[in-house]
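Please look over the sequence and the structure below before reading on.

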Amino acid sequence: MGCGSSDLKLQDARLFQVGFQAILLTIGVLLRDFSLLPAQMALAIASAIATQAFWLKVFKLKNVGYLSPLITGFGLSLLLRADSLWLHPLVACLAISGKFLIRIRGKHLFNPANFGVGLALLTLPGAWVSPGQWGNDLGIAVWLIALGALVAQKTQRDDAAWLFLGTFLGLTVARLFLLGYTFERGWEILIHQALNGALLLFAFFMISDPMTLPDRPAARRLHVILVAVFAFCWQFLLYRPNGALWALLCLAPLVPLWDFLVPGKRHNWHGNKPLQTIVATQGKMPG
Amino acid sequence: MKKILAFSALTVTIGTAQAFCGFYVGKADANLFNEASQVIVVRDGDKTVVSMLNDYKGELKEFAVVVPVPSVLQKGQINVGDKKIFDRLDAYSAPRLAEYYDPNPCNQPKMEMMRKDMAMSAAPLPASAAPSAKALGVTIEASYTIGEYDIVILSATQSDGLETWLKQSGYRIPANSAKALTPYIRQNMKFFVAKVNLAEQAKTGFTMLRPLQFAYESEKFMLPIRLGMVNANGPQDLIAYMLSKNGRVETSNYRTVKMPANMDLPVFLKQGDEFRNFYKGMFGEQAKKEGFRAVFTEYFWDMGWCDPCAADPLSSDELRKAGVFWVNNPNADAAAPPPPGQGRIMPRPPMGGGAQPVMLTRLHVRYTPETFPEDLMFQETKDRQNYQTRYVLRHPAKVEPNACPEAKPYLEGVVKRQEQEAQQLATLTGGDINAIRGKLKLPPAPPSKPWWDGMWK
């Protein structure tokens, strides 16, 4: 992969993702009663960026951009619902701080948006996630798949998204078969689940984040399959919502283990010098 | 007379077909007709209390209800409840109208504001019928007579066997039942089958069937609506009162949306059945707009208070009857139920002694077999923002145009406002704007001149 061109491509992919999320969110708020206030979204993004600026200053980091906090801010707005204005910015701040402070061998442990949502659900009052809120309108799903796949392909990590969906939906099919649904009914249920916007969003914008997956492709695939199985069990054996979010969060500590056991080439996602490299050379980052 | 508009029309004229969670089975060719079902679900942790009230209008002896339940229920877990509790919950949480009177523009400082609230109260009823011998892998795990109901709890190994057994026992169950029953059997669920014991029923002196209640523990926070769709021939309505401790309840596998509310509407809605018809029309329009794929939130409030109150909040005693197991025993609770009164603001919880709050979410769903392929799954959120479907009527002040300098602009403003209200109404219900204008006695919209009209003069 030629450095210059691929960097440009990666930058594009990132911009594309931000743009896509912005479009989706705007459509959502306008058409789908997402019970998200524009102020919450603005505060989430502003807080994420401010927090990033703060930590960059503290660690005297240069050449690290602001796309990552932008994406985190959008991701949080898309997933998290709150009955107050302070929650989104607080969570965004915690999420970005978590990215800087919770690191193992220079690599951050949690996907920031995933970490933020999990923390909010566990510890903060008035925070929740509405997994069914996206509805399963075909149109939105098609958009998600088409554009998400485009983003994923551009980052060369499409395997994670598709592998996750394949495993999760494969298990869903197995369950429907075992429960003895008629073909017609089973198909309806499968489609209903496969078109779940939250699931697709998770697949294309959260689990496909290469920064928080194992570096070695084989380990990455194994990890993604584990996340999918965990998510499925959470949802259909324990009957609890948001299986995918909890799965990614709970299994994140395994990633450093995979990287230790089967090291691989670290992904360069920023399109400039990766944060880790800067950290490693400057030696300023804890962990 | 209480300012309560009977809302029964909504539940009586909408919908067709089956029970919400389970199907009704008749023994003869009686015309089974079950309209909007109502259910109360009380849940904290895994502990669940479900009360079912179904609008069955057929003959009692021909009726039975089959509901999948997570385990074999003991007698103490089953109760025959009181329909009044449904009425109370309904009245408390029903969509409501609020009225305001404009102050006289010539009399500015006297900003009197009157408000009356009218709620709509709903009305349905429960269900029942009859099984017989045993066979075919069906085990009668338990049988009880509770109140006017004969109840059996069945487990089955095969849906065909269960279907055959039910048929042999005289139930006229829908043709495709076996297929619909299979997933429940494979999830190791049991079947609660209740029919009316006519002798017991006569003793109770009730003419209507009372709601069945059952308490159980299950990790599944769900309502099995699919079984009731087996031979549905149109959309069905379900109103669910979800009582929780921490926050609003929503569906986790379908969209949950709030009804459009809190807007100004034409004052004629106060007359006769206008409001009921409006709400019915609007619900139908909104459900259609969502493609019958959404669950609507009609109310969410901490039950300790209300503002304004469509009806008084339920007393501790009533809450316990509804199945809210965490409220104090009413015997220990000296507080008498609040005096009746409408349109008032009920102060914040008088529930002393560290009482746990009770939150009520009223969900209303119109579903079809195609649009709701899965049973309804729920989750309790940490959302505590109160919400009610409330519509505002603003009565203009009665004032002559030349009574004072402020009067004329005021009256012009009123006309504009009424036109906006009419348009709002038309949009919400998909109604005819001109018919609404007619009712409002608004001047017909000025014939719109083409833009070029008069240009060359």
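Strand β3(B) and strand β14 (residues 236–244) of chain B pair in the parallel sense over 6 bridges, where strands are DSSP runs of E with at least two residues, helices are runs of H or I with at least four, and both are numbered from the N terminus. Two strands are said to pair if DSSP finds at least two bridges between them. Within this pairing, Val41(B) has Met242(B) of β14(B) as its bridge partner. This is a predicted model, in which local features need pLDDT of at least 70 and side-chain atom pairs count only at pLDDT 80 or more, while totals for chains, interfaces and linings use all residues. Residues are numbered from 1 along each chain as its sequence is written, and chains are lettered from A and ligands numbered from 1 in the order in which they are written.

Strand β3(B) also pairs with strand β4 (residues 47–53) of chain B, this time in the antiparallel sense and over 7 bridges, and here Arg43(B) stands opposite Thr48(B). These two strands form a hairpin with 2 residues between them, and Gly45(B) in the turn has a positive phi of about 60°. Because 7 of the 8 residues of β3(B) (residues 37–44) are buried, the strand is largely enclosed by the rest of the structure; a residue counts as buried if 20 or more other C-beta atoms lie within 10 Å of its own, as exposed if 12 or fewer do, and as partly exposed in between, with C-beta atoms placed from the backbone.

Most residues other than glycine have a negative phi. Asn262(B), however, has a positive phi of about 60° although it is not a glycine, and its place is in the loop between β16 and β17 (264–265) of chain B. Asn262(B) is partly exposed, with 13 other C-beta atoms within 10 Å. Phe292(B) likewise has a positive phi, near 55°, and lies in the loop between α6 (274–289) and β18 (294–302) of chain B.

Turning to the other chain, chain A has 13 helices and 4 strands, and buried residues make up 45% of its 287 residues. How many residues of helix α11 (residues 243–251) of chain A are buried? The count is 7 of its 9 residues, among them Trp246(A) and Leu249(A). What covers the buried residues of α11(A) includes α5 (112–123), β4 (127–129), α9 (197–205) and α10 (217–236) of chain A. Of these, α9(A) is itself mostly covered, with 9 of its 9 residues buried.

Helix α5(A) also packs against helix α3 (residues 67–79) of chain A, at an angle of about 40° and with their axes 9 Å apart, where axes are lines fitted to C-alpha atoms over the stretch in contact and angles run from 0 to 180 degrees between N-to-C directions. That makes α3(A) oblique to α5(A), since angles under 35 degrees count as roughly parallel, over 145 as roughly antiparallel, 65 to 115 as roughly perpendicular and the rest as oblique. The contact is made by Thr72(A), Gly75(A), Leu76(A) and Leu79(A) of α3(A) and by Pro112(A), Ala113(A), Gly116(A) and Val117(A) of α5(A), two residues being in contact if their C-beta atoms, placed from the backbone, lie within 7 Å.

Finally, the contact between the two chains takes 25 residues from chain B and 23 residues from chain A.
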